[in-house]
Amino acid sequence: MAMNVGSGTGENEVMVEMNTTPLIDVMLVLLIMLIMTIPIQTHAVKLDMPPANQPPPLVQPTVINLNIDFDGTITWNGTPVNMDQLDAYLAQEGERGADQDEIHVNPNRLAKYDTVAKVLADAQRRNVNKIGIGNTSDYL
């Protein structure tokens with residue numbers, strides 16, 4: 001509780017200041033009630049996870065290494081390709097449906113983001129589903 005001590009003159013003066021302690025107490029109670037009544041935010045992110053304890057595949061998929069060099073050079077299993085050839089290769093893989101080969105994109109750590117984004121967008125446009133980003137440093 002707050003207490004107002006006079007100036008020491010001994011006179012009965014009227015206290016002009018308002019006691020704000022009860023107001024602060026009421027505001028804290030209202031704030032706690034508001035926090036308790038707000039529903040918990042449950043923003044779920046939908047992930048398609050594989051079932052647990054799934055046996056490994058009987059036939060290992062064929063892996064295609066798609067390397068992107070720092071100067072924008074794109075290689076398909078070690079063979080340099082331009083964007084038109086890459087588009088044709090990705091279209092061929094996309095037409096295979098569920099029987100696609102795995103494509104591992106390995107960008108150099110100095111590769112331009114624009115080149116990597118164009119390759120990934122082209123793969124998505126061509127319905128290539130089995131694609132992943134590999135080691136983003138210098139390829140091995």
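**Labels and their cut-offs**

Author: Asp-101 sits in the loop between helix 2 and strand 4. Helices (H or I, at least four residues) and strands (E, at least two) are DSSP runs, numbered from the N terminus. The model is predicted, so local features need pLDDT of at least 70, side-chain atom pairs count only at pLDDT 80 or more, and totals for chains, interfaces and linings use all residues. Residues are numbered from 1 along each chain as its sequence is written, and side-chain values use heavy atoms, leaving out hydrogens and water.

Reader: Why is Asp-101 called buried?

Author: Its relative accessible area is 13%. Buried means under 20%, exposed over 50%, partly exposed in between (1.4 Å probe, protein chains only). Therefore Asp-101 is buried.

Reader: What makes the rings of Trp-76 and Tyr-89 a stacked pair?

Author: Their centres are 4.9 Å apart and their planes at 25°. Rings of Phe, Tyr and Trp (its six-membered ring) pair if their centres lie within 6.5 Å; planes under 30 degrees apart count as stacked, over 60 as edge-to-face and the rest as tilted. So the pair is stacked. The pair links distant parts of the chain: Trp-76 is in strand 2 and Tyr-89 in helix 2, 13 residues apart.

Reader: Which label does Trp-76 get, buried or exposed?

Author: Buried, because its relative accessibility is 11%. Tyr-89 has 33%, so Tyr-89 counts as partly exposed.

Reader: What does Trp-76 contact beyond its neighbours within four places in sequence?

Author: Its contacts (heavy atoms within 4.5 Å) include Ile-64, Leu-86, Tyr-89 and Ile-103.
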